[in-house]
Amino acid sequence: MFVETLWKVWTELLDVLGLDVSNLSQYFSPASVSSSPARALLLVGVVLLAYWFLSLTLGFTFSVLHVVFGRFFWIVRVVLFSMSCVYILHKYEGEPENAVLPLCFVVAVYFMTGPMGFYWRSSPSGPSNPSNPSVEEKLEHLEKQVRLLNIRLNRVLESLDRSKDK
């Protein structure tokens with residue numbers, strides 16, 4: 001069932017890109033793959049190649065958009081995200097349960113292209129690249145931010161308690 005769901009998502013993604021997948025379905029459908037180990041191995045290779053190509057394409061596209069729009073890249077992300085969600089919801093207007101997986105994919109891409117996605121994908125620091133922090137430094141930075149937020153929250157709560165007492 002999981003393979004069939006992945007197959008449907010994959011064919012829909014290729015359909016959205018404008019590729020005709022009717023010929024592929026006879027070679028890579030779950031029924032034909034389960035009967036032939038060679039096709040299963042070929043399917044794994046195709047999936048890995050597709051993942052690699054999709055990751056390169058998304059990375060390049062969003063890095064170009066980030067360079068072009070600079071500080072206003074978040075507006076482009078929000079517009080693309082909302083247009084994608086509207087398209088998916090319009091396509092699956094009568095059957096909302098079929099829209100769940102494509103929407104999850106769009107949300108995942110949205111968060112992977114966000115500031116935290118870029119922050120965690122940056123290369124680790126070292127002798128050749130001292131400007132990028134290591135994972136430990138990133139975690140320490142996040143812990144410091146959490147401590148500061150807790151201190152601010154305590155101050156706000158204390159000021160609210162004082163104002164209630166008066």
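**View 1. Residues 40-62, an annotated span that is 100% helix and 0% strand.** The end C-alpha atoms of residues 40-62 lie 32 Å apart. This is a predicted model, in which local features need pLDDT of at least 70 and side-chain atom pairs count only at pLDDT 80 or more, while totals for chains, interfaces and linings use all residues. Residues are numbered from 1 along each chain as its sequence is written, and side-chain values use heavy atoms, with hydrogens and water left out. The UniProt annotation "transmembrane region", from an unreviewed entry, covers residues 40-62, 68-89 and 101-120; UniProt positions are given in the numbering used here, feature names are shortened, and annotations may be inferred rather than shown by experiment. Over residues 68-89 the end C-alpha atoms are 29 Å apart, and the chain there is 86% helix and 0% strand.

**View 2. Helix α4, residues 37-69.** Helices (H or I, at least four residues) and strands (E, at least two) are DSSP runs, numbered from the N terminus. Helix α4 has 33 residues and reaches 47 Å from its first C-alpha to its last, close to the 48 Å expected at 1.5 Å a residue; the expected span is 1.5 Å times one less than the number of residues. Its buried residues are Leu-43, Ala-50, Phe-62 and Leu-65. Buried means under 20% relative accessible area, exposed over 50%, and partly exposed in between (1.4 Å probe, protein chains only). Gly-70 follows α4 and has a positive phi, near 55 degrees.

**View 3. The packing of α4 and α5.** The two helices, α4 and α5, pack at an angle of about 130 degrees, with their axes 8 Å apart. Axes are lines fitted to C-alpha atoms, for helices over the stretch in contact, and angles run from 0 to 180 degrees between N-to-C directions. α4 and α5 are therefore oblique to each other. Angles under 35 degrees count as roughly parallel, over 145 as roughly antiparallel, 65 to 115 as roughly perpendicular and the rest as oblique. In α4, Phe-62, Leu-65, His-66 and Phe-69 meet Phe-73, Val-76, Arg-77 and Leu-80 in α5. This contact of α4 with α5 divides into six nonpolar, one polar and one charged residues. Contact means heavy atoms within 4.5 Å. Ala, Val, Leu, Ile, Met, Phe, Trp, Tyr, Cys and Pro count as nonpolar, Asp, Glu, Lys and Arg as charged, and the others, Gly among them, as polar.

**View 4. Helix α5 (residues 73-91) against helix α6 (residues 100-112).** Their axes are 10 Å apart, at an angle of about 175 degrees. That makes α5 roughly antiparallel to α6. From α5, Arg-77, Val-78, Phe-81, Ser-84, Cys-85, Ile-88 and Leu-89 meet Pro-102, Leu-103, Val-106, Val-107 and Tyr-110 in α6. By class, the contact of α5 with α6 has 10 nonpolar, one polar and one charged residues.

**View 5. Val-109 in helix α6.** Val-109 counts as buried, at 12% relative accessibility. Leaving aside neighbours within four places in sequence, Val-109 is in contact with Leu-58 and Phe-62. Val-109 and Arg-77 are 32 residues apart in sequence and 9.8 Å apart in space, C-alpha to C-alpha.
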